[in-house]
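Thanks for coming, everyone. Let me put the structure up, and then I'll walk you through it.

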Amino acid sequence: MNETNDTIKLINRRRSVRAWETTSITPDHLKSIIHATMRAPTAGNQMLYTILQVDDQQKKDKLAITCDNQPWIAKAPLVLIFLADMQRWYDFYGNSGVKELCEKKNLTYRTPQESDMFIAMCDALIAAQNAVIAAESLGIGSCYIGDIMENIEIHREMFNLPNWVFPITMLCFGYPKSKNKNPKLTPRFDEKYIHFHDEYKRFEKEDFNDMYKKSIEEFNNMEKKPSGVENYGQRFYLFKTGADFSVEMERSVKKAIKDWNEAKS
Ligand SMILES: Cc1cc2nc3c(=O)[nH]c(=O)nc-3n(C[C@H](O)[C@H](O)[C@H](O)COP(=O)(O)O)c2cc1C
C-alpha cells in the first residue's frame, strides 16, 4: 500500500474500537471532534442533521439493550447519535410564514418527503464520518452502531424526537484500552469487486467463490457447522440479513418512514 501522507495513513490504520478506557474525552478533544464534524460538506449548506450527545448513563444503559444488546454502548465515554433532521427547517418555515406565502402565491407547500429524508441522512452520515476521522487523529477509537435505527418508538420517547427527525446512526467513542492500541485491520474485498468503471457488473458463481474465498475457506474448516447450513452464503444470511435484528430494523424503519410521510407541519 502506497501511503502518501499522514491523512491517508490515518484512514488506512483506523478500525472500529469497542473497548475503551473509562477516562472521559477531554473537553478540548470533544470540542475538536464536534467542530470537525460540523465542517463536513452538507447539501446546500443546510446542515440537515443534529448531533445528539447522550450524557445520561441511564439512557446509555438503555441504548445498550434497545440497540440489539451491545453492552459496550453503556461503557462508551462519549455517545453521539446522528439525527437526519428536517424538523428544524420546517419549524423555521412555520415561524417564517412560508405556508401563508405559498397560499398567497398559489404554490404547493412541500412537506418533507422520502427524498428529503435521504438527503438529510447523507448529511448526517457524512458528518459522522468526519467525527470518526477527527477522533482517530486524536487517539480516540470509535464504533458505529447501526442498530439505533431499531425500536423507533422507544428512541423517539427517550430523546423527544419528532417525526421529521430520524436517528440514522450512532457513534461510541473512547480512548482505546491499551491492548487495542494497534489493532489488526479487518479484511476488505478485492478492489475489483468494489470499484467499477462506467457500468455496473453483476457477478457469477465463480466471481463470488473468489470474492469470498477466505470466508468460504473458514466456513469449510469449521468443525461444527450450524445444522442444515451448507455453505458460507447460507450462514451469512442467517447471521446478518435474515437475523432478528434485521427484521426489527425493517419494521422500525418502515414505521419511521410512514410517520415521516404522515406528519403534518
Ligand atoms: C453503518 C454501520 C453500522 C454499524 N453498526 C455496528 C453495530 O451496531 N455494532 C458494532 O459493533 N459495529 C457496527 N459497525 C462497525 C462495523 O462492524 C465495522 O466497521 C466493520 O466490521 C469493519 O471493521 P472496521 O471498522 O474495524 O474496519 C457498523 C458500521 C457501520 C458503517
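First, a word on how elements are named. Helices are DSSP runs of H or I with at least four residues, strands are DSSP runs of E with at least two, and both are numbered from the N terminus. Residues are numbered from 1 along each chain as its sequence is written. This is a predicted model, so local features need pLDDT of at least 70 and side-chain atom pairs count only at pLDDT 80 or more, while totals for chains, interfaces and linings use all residues.

The overall picture, then. The protein chain has 12 helices and 4 strands. Its C-alpha trace spans about 70 × 45 × 40 Å along the principal axes. I call a residue buried if 20 or more other C-beta atoms lie within 10 Å of its own, exposed if 12 or fewer, and partly exposed in between, with C-beta atoms placed from the backbone. Of the 265 residues in the protein chain, 24% are buried.

Now the strands. Two strands pair if DSSP finds at least two bridges between them. Strand β4 (residues 165-174) pairs on two sides of our story. Strand β2 (residues 78-85) runs antiparallel to β4, with 8 bridges. In that pairing, Leu 80 stands opposite Leu 171. β3 is also antiparallel to β4, joined by 5 bridges. There, Ser 142 has Phe 173 of β4 as its bridge partner. How many residues of β4 are buried? The count is 10 of 10.

Next, the core. A nonpolar core is a set of buried Ala, Val, Leu, Ile, Met, Phe, Trp, Tyr and Cys residues joined through C-beta atoms within 7 Å. The largest one holds 48 residues, and Phe 82, Leu 83, Ala 84, Ala 124 and Ala 131 touch the most other members. Elements giving two or more residues to this core include β2, β3 and β4. Which element gives the most? That is α7, with 9 residues.

Let's stay with Ala 124. Ala 124 sits in helix α7 (residues 114-137). Why does Ala 124 count as buried? Because Ala 124 has 25 C-beta neighbours inside 10 Å. Contact here means C-beta atoms, placed from the backbone, within 7 Å. Leaving out residues up to four places away in sequence, Ala 124 touches Tyr 49, Phe 82, Leu 83, Ala 84, Ile 168 and Thr 169.

On to the ligand. Residues around the ligand include Arg 15, Arg 18, Gln 70, Asp 147 and Thr 169. Strand β3 (residues 141-145) supplies the largest share of this shell, 3 residues. By class, the shell has 3 nonpolar, 5 polar and 3 charged residues. For those classes, Ala, Val, Leu, Ile, Met, Phe, Trp, Tyr, Cys and Pro are nonpolar, Asp, Glu, Lys and Arg are charged, and the others, Gly among them, are polar.

Asn 151 is not a glycine, yet its phi is positive, near 50 degrees. Asn 151 lies in the loop between β3 and α8 (152-159). Asp 198 is not a glycine either, and its phi is about 70 degrees. Asp 198 is in the loop between β4 and α9 (205-211). Are these two buried or exposed? Asn 151 is buried because it has 23 C-beta neighbours inside 10 Å. Asp 198 is exposed because it has 5.

How values were computed. Two residues are in contact if their C-beta atoms, placed from the backbone, lie within 7 Å. A residue is near a molecule or strand if its C-beta atom, placed from the backbone, lies within 6 Å of it.
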